[in-house]
Amino acid sequence: MSEIEIVPAVNSNAALKEWAVTCRALQEGRQVLLLRKGGIEDDYGVFSLEQQTFWLQPTYEHQSEERVKLQDRDLFESVAALQRDGENLDFIVLGLWAQVAQVWALPPGDENNLQKLLDAPHIYEESYLRLRLDYKPQHPLLCVALRVYQAPQPAVITM
């Protein structure tokens, strides 16, 4: 695993919410991609990548140990130790900045998609990958490969 590069201040007002353990995995080089299908707040329920550079906003809700490989579950302890009282309630902390390196879609119904995901560097259990592929089966799964950088000082933003 490689050390993350520290970059100067970033001029971006966009942030993407992601599990705190995924942010940590991206920071440590255990993972290089994000998986997106879209949610209720996305136009027509389809995720679209509006920015090519953005902050990563660690979130603690909905992350689940059983969705992460056994060898990567140590990330839960490390992110819990770093979480500040009131984080994501009273304020957010932005310390990682991402630049999109490549985007591709895995079309629905392609039996090879699961194997493609299993071969990629990530922390997710196979059952979680299946869940992501099967969610909204009419839409492709968007895979976003990132270059992740650490800001010299994290930004703390009041909610």
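Trp19 is buried, at 8% relative accessible area (buried means under 20%, exposed over 50%, partly exposed in between, with a 1.4 Å probe and protein chains only). This is a predicted model, where local features need pLDDT of at least 70 and side-chain atom pairs count only at pLDDT 80 or more, while totals for chains, interfaces and linings use all residues. Residues are numbered from 1 along each chain as its sequence is written, and side-chain values use heavy atoms, with hydrogens and water left out.

Trp19 sits in strand 2 (residues 15-19) and Tyr124 in the loop between helix 3 (113-119) and helix 4 (126-134), so the pair ties together parts 105 residues apart in sequence. Helices (H or I, at least four residues) and strands (E, at least two) are DSSP runs, numbered from the N terminus. Tyr124 is buried too, with a relative accessible area of 4%.

## Ser64, a neighbour of Trp19

Ser64 touches Trp19 and Phe76, leaving aside residues up to four places away in sequence (contact is heavy atoms within 4.5 Å). Its place is the loop between strand 4 (53-59) and helix 2 (74-82), and at 10% relative accessibility Ser64 counts as buried.

The Ser64 side chain also has a polar contact of 2.6 Å with that of Glu66 (N or O atoms within 3.5 Å; within protein, one able to donate a hydrogen and the other to accept it, and residues adjacent in sequence count only if both atoms are side-chain atoms).

## Two positive phi values

Most residues other than glycine have a negative phi. Asn88, not a glycine, has a positive phi of about 70°, and is found in the loop between helix 2 and strand 5. Lys136 is another non-glycine with a positive phi, near 45°; look for Lys136 in the loop between helix 4 and strand 6.
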